[in-house]
Amino acid sequence: MLVVQKYGGTSVGNLERIEAVAKRVAKSFDDGHQVVVVVSAMSGETNQLIEYANYFSGSPTPREVDMLLSSGERVTSSLLAIALNGMGYKSVSLSGGQAGILTNDSHTKARIEHIDRKCIEDKINQGNIVIVAGFQGVNERGDVTTLGRGGSDLSAVAIAGALQADICEIYTDVDGVYTTDPRIVKKAKKLDKISYDEMLELASVGAKVLQTRSVEMAKKLNVNLVTRSSFNDNEGTLITKEENIMEQPIVSGVALDRNQARVTLRGVVDKPGIAAEIFSTLAQKDINVDMIIQNVGHDGTTNMSFTVPENEFLATKEALEHIQPSKIIEFDDEIVKVSIVGVGMKSHSGVASEAFEVLARENINIEMISTSEIKISMVVHQKYGELAVRALHKAYELDK
Ligand code: ADP
Ligand code: ASP
Ligand code: MG
């Protein structure tokens, strides 16, 4: 088999951990597989590097940020190769660019446009265990780019897709995908299987066990994706096509997204083209807008609220200052988004009203609501986020 394994930050968090990963990788190789490994930076390293950059500037040059951040993954990839070499295995590390990962120009959240599979294949054919630095690529000018936070998952899935690997294993610090974040609810249950679509929704509403775009890519390229722990040998969670899952619960999981902020525009002129102007301005800045609510107009104006990722808050402020579409702009970063996800919602009614009742019983005020076919999201004050997750997890009997 051709196996792609990705090890996250905690899994390579120190030298002992890298040694343990080297042993795991070596075992797969000894079992007769061709192995490509993608690594994250040591846990905390990317945040540390961002802090360093912010010491010098409130808005560091994106190209330089990418040069800086990509270094974290280069450290772990070369160390892992060195560890394997020390154990007598033939192994080489490759930066994203050396691995043939070509991206667009969008520094700090670049999209993978193409992978030249020959780069990695040549190294495999020479008998190497290939270690690729995750989270990075190069643009067509050869400048280093990074793929957005959590982007090593995407590197792994994209490589697995390009090489048509038999399996892509995402090794992390939990046993797999749980019914909710096991750090919030101790009784959360590990799922044996989950559909691409449910995982996509869960990831997009805050379950950071897999990066959203990696799940999107896995679905598109039909990658056999498994998440499991690098700390034990327990079976993980298979992310697969919906038809491979017999039992379809109404609610499969609950997620909490703390990285949310709300923007409210009051006195927006109520005429054609205004929403287009506001949101195309934000789109041009690559700001990821979610949950848009516009009220019925009154006296020629209307109010509008929407959420953006908290770390894109400043960029949003700046962008809106240039268009000044309304008289009053309010910003609130003390909100979180709580969501329930499940394919069974498609065929059941009353799921939303039940969720609202659960929060009402806890006296939690719901400030915004949005729904999709398989998801219900509610914005609440940040102090109620975890309480809401626990209450919903219990109400839908996910701990049973
Ligand atoms: P890595 O560094 O390996 O990429 P991450 O920290 O990005 O790991 O993701 C793993 C973390 O995701 C877990 O420690 C857990 O707290 C969190 N998490 C949130 N929601 C879930 C969920 N539904 N199932 C499993 N883990 C979750
Ligand atoms: N090191 C990067 C991050 O912390 C990428 C990753 O770990 O997936 O976001
Ligand atoms: Mg991650």
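Student: How many aromatic pairs does the count come to?

Tutor: Five aromatic pairs. Keep in mind that this is a predicted model.

Student: OK, what do the rings of Tyr 7 and Tyr 171 look like as a pair?

Tutor: They're stacked, 4.7 Å centre to centre with 10° between the planes. The pair links distant parts of the chain, since Tyr 7 is in strand E1 and Tyr 171 in strand E9, 164 residues apart.

Student: Are those two tyrosines buried or exposed?

Tutor: Both Tyr 7 and Tyr 171 are buried.

Student: And why is the pair of Phe 29 and Tyr 89 edge-to-face?

Tutor: Because the planes sit at 85°, and over 60 counts as edge-to-face. The ring centres are 6.0 Å apart.

Student: Where do Phe 29 and Tyr 89 lie?

Tutor: Phe 29 is in helix H1, and Tyr 89 is in the loop between helix H3 and strand E3, so the pair ties together parts 60 residues apart in sequence. Phe 29 is partly exposed at 27% relative accessible area, while Tyr 89 is buried at 18%.

Student: Switching topic: which residues are around ligand 2?

Tutor: Ser 40, Thr 46, Glu 73, Phe 135, Arg 149, Gly 150, Gly 151 and Ser 152. By class, that's one nonpolar, five polar and two charged.

Student: What does the side chain of Glu 73 do there?

Tutor: One of its N or O atoms is 2.7 Å from a nitrogen atom of ligand 2. For Arg 149, a polar side-chain atom lies 2.7 Å from an oxygen atom of the ligand.

Student: How much of ligand 2 does the protein bury?

Tutor: Taken alone, ligand 2 exposes 260 Å², and the protein buries 86% of that.

Key
Residues numbered from 1 in each chain as written. Chains lettered and ligands numbered in written order. Predicted model: local features only at pLDDT ≥ 70, side-chain atom pairs only at ≥ 80, totals over all residues. Heavy atoms only, no water. Near = heavy atom within 4 Å. Polar contact = N/O pair within 3.5 Å; in protein donor to acceptor, adjacent residues only side chain to side chain. Areas by Shrake-Rupley, 256 points an atom, 1.4 Å probe, with all protein chains shown as cover. Nonpolar A, V, L, I, M, F, W, Y, C, P; charged D, E, K, R; others polar. Phe/Tyr/Trp six-rings, centres within 6.5 Å; stacked < 30°, edge-to-face > 60°. Helix = DSSP H or I, 4+ residues; strand = E, 2+ residues; numbered from the N terminus. Buried < 20%, exposed > 50% of the residue type's maximum accessible area, 1.4 Å probe, protein only.
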